[in-house]
Amino acid sequence: MPTSTRPARRERLHTCRTTGTDMLRTHTCGELRASHAGKEVTLCGWVHRRRELGEVIFIDLRDRYGITQVVAHAKNNAAAHAALGDARSEWVLQVRGTVRPRPEGTKNPKLSTGEIEIVANSVTILNQSKTPPFYVNEDTEIEETLRWKYRYVDLRRERSRELMRLRHEVTNFMRNFFVERGFWEIETTMMIRSDPTGARDFVVPSRYFPGKFWALPQSPQQLKQILMVGGLDKYVQIARCFRDEDPRADRIYELTQLDVEMTFAEPNDVMEILEACYTAVFEKFGKKPLHGKPWPRMTYDDAMRRYGSDRPDTRFSMEVVDLTDAVRGTSFGVFKEAIASGGAVRAICVGGKGDASRKDVDGWAAIAKTRGAKGLVSFAFAGSEVRSPVAKFFTADELSRVRSASGARDGDLVLAVAAEYRVASRSIGELRRHFGEAQGLVDGSTHHAMWIHRFPMFERTPEGDWTFSHNPFAGPLTDEDAKLLYSDPGKALSSQYDLVIDGAELGGGSIRIHNRAMQERVFEILGISKKDAAERFSALLDALEYGAPPEGGIATGMDRTLMVLAGLANARETIAFPKTQTGWDPMLEAPAEADPKLLEDLGLRVIAKPKD
RNA sequence: GGUCCCGUGGUGCAGCGGCCUAGCAUACGUCCCUGUCAAGGACGAGAUCGCCGGUUCGAAUCCGGUCGGGACCGCCA
């Protein structure tokens, strides 16, 4: 047939379906086996691949459940053969046909349906598709903006589909886990009063109250506490939270929390139930075993001392060492001054890096500086030699103490930061994290889960004010700590506990303050006056006066949990409709300007011109 | 607000002052092909190298700016 007289492929009609009442499919593309041989079936799906050999055409038909091979021979069924010949990648087909065991030698062990194929009797093209913007049938890296713009195509890819499946299954498992243990899932309101304590709020203008705004919750924290005051005893929610802060690889605007709250609970009650839940989740859905059961509990002090972090990655050792005593008498000005003002010299020993160049050390110094270090000092040990830019300020005795305190062997490099204890520790901790990756020290064969507890209730800001280390509602750990709120708040320990897996902070919680006077005292320490507190937290503070029970809970980040479970480098892939790092949604092209009439109703006028 | 990295046919990469009339793979189109399964074969179409400006005899390549993306700092109770 001359091509010029044939209608274009797109215009040719096979059996073109519009609407109907009969069943569209009898089976999915993942379920047919040799035992179905001889059955008349109808499948629907997308054209995954097409192999045209002339008189015979094979099509891999794909849906969420799997892939099934469809075959048509020109001699046996010209219409079906022609339809399959016209079909292209991602066209949507309905195939009616007979299940047939594949001829010997043509079975495909790579497919769960590889024992059989469908001999097409009739093929209906349910819809056509433009050539997709990227591959659906290959797992290649595609620029994210393009994936998000065409997310409906991207979601058909195995990688994306399996992540959606994982998210669904984990979420569902967690929900059931708590529901089975007597927790009620209660939805909390999404339009609340703005509370400028934490992150920047996303804000929703009110039409009935022009000039006033709701805020989207950064978390249901106050609401879940109020639910406990309401006597509902045990609450769970897979809760959406909104934070208008600059996104990062592990931070998105809309995060999802597993949010749990329990009445009459001690820290141990919360930790035990969460540990049980996460252990089950990681054993059921993780790719690697969990190391250490029950989970180790490490104090915040130990975490800072040994790992220079409140979320230590214990999958490798290289622990932080303290050189303060070893160099206490040094004439090296930077160290001397740091120690004199109550600071510390903190260090790590990097194996085999004794030959590091000045440039290497400068690069590591830059990493240390991101955590507040002013500089980084190196000591390279080789035989009896010590190579260091500052060697002349140290006596042989001091240098040998540095070596023994750090456990350096021949060819090792000791990197040290002198500063206020926490700054020095965090700087070295960040370097430790870097070397763990860079030197391949991380044991990637297991997950390391742990609890960090015994946090201080307050930390000093650089300005010298107090800020809370968890949230302003976390109660003191013991009665002693409660007393310290009035005498020496800096020494008070919090009931807070953090859940850390593989060096990622997946969540945290505490036992809440359930007494108005104590809550107000905490606000006072934080520099929030009674009047301000009464205005900003009126509901919660009032509730504390109406029989608020002791209670506590925890919230964990679902997105980060999924990242760790699936071994992902960023959280965007774990959600169905991600945005870019600047918060732009390439699919919906949002945010966008609002209708001027709507703005008028809301009593709003746009002052800043949007960027073009 | 800041630092760093990246923008080359639809997609993923290479090229990093003249050998570029921009290369490779794949996708796409037409044709051939009766057992393929990442089918195979033949032919073909498709990119002013994100954008603007500068340096140079000459710029995809160097410089500045800008836009977009990513990683990070600030920020994230």
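Let's start with strand E7 (residues 184–185), which is joined to E10 by two bridges, the two strands running parallel. Strands here, and helices too, are DSSP runs numbered from the N terminus, with at least two residues (E) for a strand and at least four (H or I) for a helix. Two strands count as paired if DSSP finds at least two bridges between them.

A quick word on what we're looking at, everyone. This is a predicted model, where local features need pLDDT of at least 70 and side-chain atom pairs count only at pLDDT 80 or more, while totals for chains, interfaces and linings use all residues. Residues are numbered from 1 along each chain as its sequence is written, chains are lettered from A and ligands numbered from 1 in the order in which they are written, and side-chain values use heavy atoms, leaving out hydrogens and water.

Back to our strands. Why is E10 said to be largely enclosed by the rest of the structure? Because seven of the nine residues of E10 (residues 234–242) are buried. For burial, the cut-offs are under 20% relative accessible area for buried, over 50% for exposed and partly exposed in between, with a 1.4 Å probe and protein chains only.

That brings us to the nonpolar cores, meaning sets of buried Ala, Val, Leu, Ile, Met, Phe, Trp, Tyr and Cys residues joined through side-chain atoms within 4.5 Å. The largest has 43 residues, and Phe-178, Leu-258, Val-260, Leu-274, Tyr-278 and Val-281 touch the most other members. Among the elements giving two or more residues to this core are helix H4 (158–180), E10, E11, H6 and strand E19 (447–453). Which element gives the largest share? That's H6, with nine residues. Take Leu-274: setting aside neighbours within four places in sequence, its contacts (heavy atoms within 4.5 Å) include Phe-178, Leu-258, Val-260 and Trp-451. A second, separate core has 23 residues, including Ile-57, Ala-80, Ala-87 and Ala-120.

Now, charges. Searching the whole structure gives 42 salt bridges, each being a side-chain nitrogen of Lys or Arg within 4 Å of a carboxyl oxygen of Asp or Glu. One of them pairs Lys-224 with Glu-261, the closest N and O atoms being 3.3 Å apart. That pair links distant parts of the chain, 37 residues apart: Lys-224 is in helix H5 (residues 221–229) and Glu-261 in strand E11 (residues 254–263). Both Lys-224 and Glu-261 are buried.

Compare Glu-283 and Lys-293, whose closest N and O atoms are 2.4 Å apart. Glu-283 is partly exposed at 48% relative accessibility, and Lys-293 is exposed at 52%. There's also a salt-bridge network linking Arg-147, Arg-151, Asp-154, Arg-157, Arg-159 and Glu-573.

Last stop, an open sheet of five strands, ordered E14-E15-E18-E16-E17 with antiparallel pairing. Its edge strands, each pairing on one side only, are E14 (321–322) and E17 (385–387). Inside the sheet, seven bridges join E15 (residues 344–350) to E18 (residues 413–419), and Ala-347 stands opposite Ala-416 in E18. Thanks, all!
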